[in-house]
Amino acid sequence: MTPGPAAGAADADGSPITVEAYQSAILSAITPLPRVQLELAAAEGCVLAEDVTAAVPLPSFDNSSMDGYAVQACDVAGAAQQAPALLRVTGEIAAGDVGAYRLAPGTAIKIMTGAQLPAGTDAVVPVEWTDGGIEQVAVYRPAEPGNAVRYAGGDAAEGETLLSAGARMRPMQIAVAASAGRKAVTVRPRPRVVVLSTGDELTEPGTPLVPGQIWDSNSYMIAACAREAGAVAYRHAVVPDDPAGVLPALEEQLSRADLLITTGGVSMGGEHDVVKAALRELGTVTFRKVAMQPGMPQGFGMIGHEKIPIFTLPGNPVSAYVSFQVFVRPAIAALQGADDLSLPVVRATLSGPVRSPAGRRSYLRGVLDGSAVTPLSGQQSHQVASLGRANALIVVPEGETQLPAGHTADVLVLP
Ligand code: AMP
Ligand code: MG
């Protein structure tokens with residue numbers, strides 16, 4: 001992004017840019033975190049920075065998919081309920097038995113699910129098709145060659161790509177890596193995010209409130225948002241509106257952060273907007289108006305030698321929340337070299353009318369139920385009560401100032 005206009009030149013921060021233009025400016029400025037090797041137990045939520053291939057065929061040996069009897073299919077070809085095939089049982093193979101067995105023609109070996117198939121076997125008769133005999137078994141149905149057999153390589157061939165770089169290590173992918181024998185994988189780690197709220201009016205939840213004060217909700221909320229998006233988040237104590245204190249507080253966090261997020265202090269209120277005042281001097285953070293509601297005043301840039309990305313989100317809790325979901329979430333993915341964190345969008349029918357300011361995209365709190373979405377009352381950006389009832393954000397495009405009930409709209413599904 002280009003640096004912001006010089007202080008004083010435009011407290012208006014220029015004309016608003018679109019949500020998409022702002023999103024892409026952010027994403028193009030983000031460099032993925034360095035790759036690290038992590039043991040599987042620590043890799044969950046990280047993003048693969050290598051392909052994971054099958055070093056051996058999966059499974060690596062022919063085995064039984066059922067509890068039953070290993071046989072030669074030709075020995076049970078004529079089996080029927082009235083005329084069972086009678087086979088002498090010469091042994092038993094359990095899962096994990098690494099012995100070498102061979103089936104003699106005309107006999108059976110009892111075999112368990114996952115146990116190695118004895119040589120000379122071409123089918124397994126499930127125990128349900130037999131009398132379950134121990135010394136001799138009566139088989140009541142014929143089994144085709146290959147019946148209940150899991151062949152080596154039947155899941156994946158040797159050398160096959162099982163997981164591609166860019167895949168997020170969710171439980172399913174952890175299973176694949178472990179099944180392929182991998183102890184560790186090369187990934188981009190979970191970004192470390194430090195969240196810091198500013199405001200003289202903010203006090204800690206749990207302390208008594210004096211008129212003029214509010215409890216800080218943003219830092220807890222945004223840290224929770226970051227964790228939900230897969231980051232490791234730390235919440236900093238409230239930072240007062242002291243222009244001299246903001247920058248040192250941020251700089252102190254640089255060594256433990258891959259991403260900084262502040263809330264508050266970036267609107268148009270002059271000297272009280274301490275975040276904007278402190279960061280504008282650096283020249284590496286750009287303050288913009290984005291054509292949206294809530295969340296119009298935004299700041300993004302880099303700070304410190306390491307050029308740690310920083311988002312300065314507006315202070316109203318709903319503005320901060322929407323800004324996180326629309327701008328920060330994809331940026332967390334980008335830090336991991338991924339692009340999978342944008343919220344899912346569905347089309348839904350409005351159960352009530354909605355309004356939106358001209359020229360701005362509105363994100364309205366709603367309750368999505370199937371293909372219908374109900375706008376909530378209490379849409380001002382300080383109204384957290386309705387945020388607590390919402391499970392979706394209704395998107396009203398820039399070109400619309402109202403949409404009637406019955407209209408369809410894009411709806412972001414909240415995580
Ligand atoms: P600001 O962006 O600092 O001008 O704040 C805008 C509005 O958001 C004001 O009403 C603030 O009191 C409120 N606000 C700012 N920070 C927080 C916070 N951490 N928690 C709750 N409300 C906040
Ligand atoms: Mg403030």
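Visitor: Where is the place of Pro 59?

Guide: Keep in mind that this is a predicted model. Pro 59 sits in the loop between β3 (52–53) and β4 (63–64).

Visitor: Let's zoom out. How many helices and strands does the protein have?

Guide: Its secondary structure comes to eight helices and 28 strands. The radius of gyration is 31 Å, well over the 22 Å that the globule rule gives for 415 residues, so the protein is more spread out than a compact globule. Along the principal axes, the C-alpha atoms fill a box of roughly 95 × 50 × 45 Å. Buried residues make up 46% of the 415.

Visitor: How many disulfides does the count come to?

Guide: The general idea is that a disulfide is a covalent bond between the sulfur atoms of two cysteines. Here, with a cut-off of 2.5 Å between sulfurs, the count comes to zero. Take Cys 225: the nearest cysteine sulfur belongs to Cys 46 and is 20 Å away.

Visitor: Is Cys 225 buried or exposed?

Guide: Buried means under 20% relative accessible area, and Cys 225 has 8%, so it counts as buried. Cys 74, at 57%, is exposed.

Visitor: Which residues of helix α4 are buried?

Guide: In α4 (residues 218–228) they are Asn 218, Ser 219, Met 221, Ile 222, Ala 223, Cys 225 and Ala 226. The elements covering them include β13 (192–197), β16 (232–235), α7 (317–335) and α8 (384–387). Just after α4, Gly 230 takes a positive phi of about 100°.

Visitor: What is the phi of Ala 148, and where is it found?

Guide: Ala 148 has a positive phi of about 55° although it is not a glycine. You'll find Ala 148 in the loop between β9 (136–139) and β10 (149–150). At 12% relative accessibility, Ala 148 counts as buried.

Visitor: What about Lys 307: what is its phi?

Guide: Phi of Lys 307 is near 55°, again a positive value in a residue other than glycine. Lys 307 lies in the loop between β20 and β21, and at 57% relative accessibility Lys 307 counts as exposed.

Technical notes:
Residues numbered from 1 in each chain as written. Chains lettered and ligands numbered in written order. Predicted model: local features only at pLDDT ≥ 70, side-chain atom pairs only at ≥ 80, totals over all residues. Heavy atoms only, no water. Helix = DSSP H or I, 4+ residues; strand = E, 2+ residues; numbered from the N terminus. Rg over C-alpha atoms; globule rule 2.2 N^0.38 Å. Buried < 20%, exposed > 50% of the residue type's maximum accessible area, 1.4 Å probe, protein only. Contact = heavy atoms within 4.5 Å.
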